[in-house]
Amino acid sequence: MRLFLTSVFLIMTNIGLLAQTIEHHIVFEISSRSELDSLSKIISIDKVVDNQVWAYANNEELAQFKLVKQKFEFCEPEASKATYAMATTIAQMADWNRYPTYNVYDSMMRQYATTFPNICQLTELVTLESGRQLLALKISSQVSQTTTNKPEIFCSANIHGNECVCMVTTLRLCDYLLNNQSDLFVKRLLDSTEIWILPLVNPDGMYQNDNNTIDGATRYNVNSYDLNRNFPYINGTSKKVRQLETQAMMDFYAAHHFSLALCIHAGDECFNYPWDTWSRLTAD
């Protein structure tokens, strides 16, 4: 009887988790690019080709979208057609032709800090309910000093969980900087700046199914929120329920004074000016 109840509990728990990660993939047409201004405030735009738009939405966003846009189709994400080679050990990442499991990623980040203590420190921004963490590396000479005159640079990736190549790219950047200290350009960077790298902002989205595969990775986090659209507007208004990942990033920003920040995405070619909340023309 106890075994039966335990099995039922596990089944119900898994159903509950699946219910939290609903992500609809839709495609529709627009009459003009200006139409995207209002629609992008409702749903998460993925890419635009001519007058055709691919986008993401959770249940709430889809309901709002239906009120203003009646004609659309559900579609299958392109990533669902792919297969992924996973590295189950750090050694298998040597050629950078695999995606690391979450545990390998975690181990690599910690090993960098242990192997290069003079120029590398690890910071844990937050631990999510899944047990996964947002991890950042500080890479710089005099890394143990908390106050220097060096400008701070911040590079983050994978705020969208299904843009997995960004995590590997920034993880490889960490590896390159740490293993090429003798290179004159790298040395100048480490001597003159503090470089912070956070390769995985949305671990629950990237490892949606489990820690051993990125198959089924989602754009949104486990609560069906697009973290890239979860920050407050510049005018002070809030954007939906603040997620743990978002708040951790905001707290991290507040604790630093970054001179340059990069948030690396994948999928389509795009350049965003601050503040892209506004639709008016940019200064140039």
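Modeller: Start with burial: a residue is buried under 20% relative accessible area, exposed over 50%, and partly exposed in between, with a 1.4 Å probe and protein chains only as cover. This is a predicted model, so local features need pLDDT of at least 70 and side-chain atom pairs pLDDT 80 or more, while totals for chains, interfaces and linings use all residues. Numbering runs from 1 along each chain as its sequence is written, and side-chain values use heavy atoms, without hydrogens and water.

Biologist: Why is arginine 229 called partly exposed?

Modeller: Its relative accessibility is 24%.

Biologist: What makes arginine 229 and aspartate 226 a salt bridge?

Modeller: A salt bridge needs a side-chain nitrogen of Lys or Arg within 4 Å of a carboxyl oxygen of Asp or Glu. Here the closest N and O atoms are 3.0 Å apart. The pair therefore qualifies. Aspartate 226 also meets arginine 219, at 3.5 Å from N to O.

Biologist: Are aspartate 226 and arginine 219 buried or exposed?

Modeller: Buried. Aspartate 226 has 4% relative accessibility. Arginine 219 has 2%. Salt bridges that share partners join Asp46, Glu163, Arg219, Asp226 and Arg229 into one network.

Biologist: How many salt bridges are there in the whole structure?

Modeller: The search finds 10. One of them pairs arginine 110 with glutamate 124, with closest N and O atoms 3.0 Å apart. Arginine 110 lies in helix α4 and glutamate 124 in strand β7 (residues 120–127), so the bridge ties together parts 14 residues apart in sequence. Arginine 110 is partly exposed at 28%. Glutamate 124 is partly exposed too, at 43%.

Biologist: What makes α4 a helix, and how does its span compare with the expected one?

Modeller: Helices are DSSP runs of H or I with at least four residues; strands are runs of E with at least two; both are numbered from the N terminus. Helix α4 covers residues 102–115, which is 14 residues. The expected span is 1.5 Å times one less than the number of residues. From first C-alpha to last, α4 reaches 20 Å, close to the 20 Å expected. Its buried residues include Tyr102, Tyr105, Met108 and Tyr112.

Biologist: Which residues are in contact with methionine 167?

Modeller: Contact means heavy atoms within 4.5 Å. Leaving aside neighbours within four places in sequence, methionine 167 is in contact with residues including Pro100, Tyr105, Ala157, Met206 and Tyr207.

Biologist: What makes β2 and β4 edge strands?

Modeller: Strands pair if DSSP finds at least two bridges between them. Four strands form an open, antiparallel sheet in the order β2-β3-β1-β4. β2 (44–49) and β4 (73–74) each have a single partner strand, so one side of each is left without a neighbour in the sheet.

Biologist: How do you know that β1 and β4 pair?

Modeller: Two bridges join β1 (residues 24–29) to β4. That meets the requirement of at least two.
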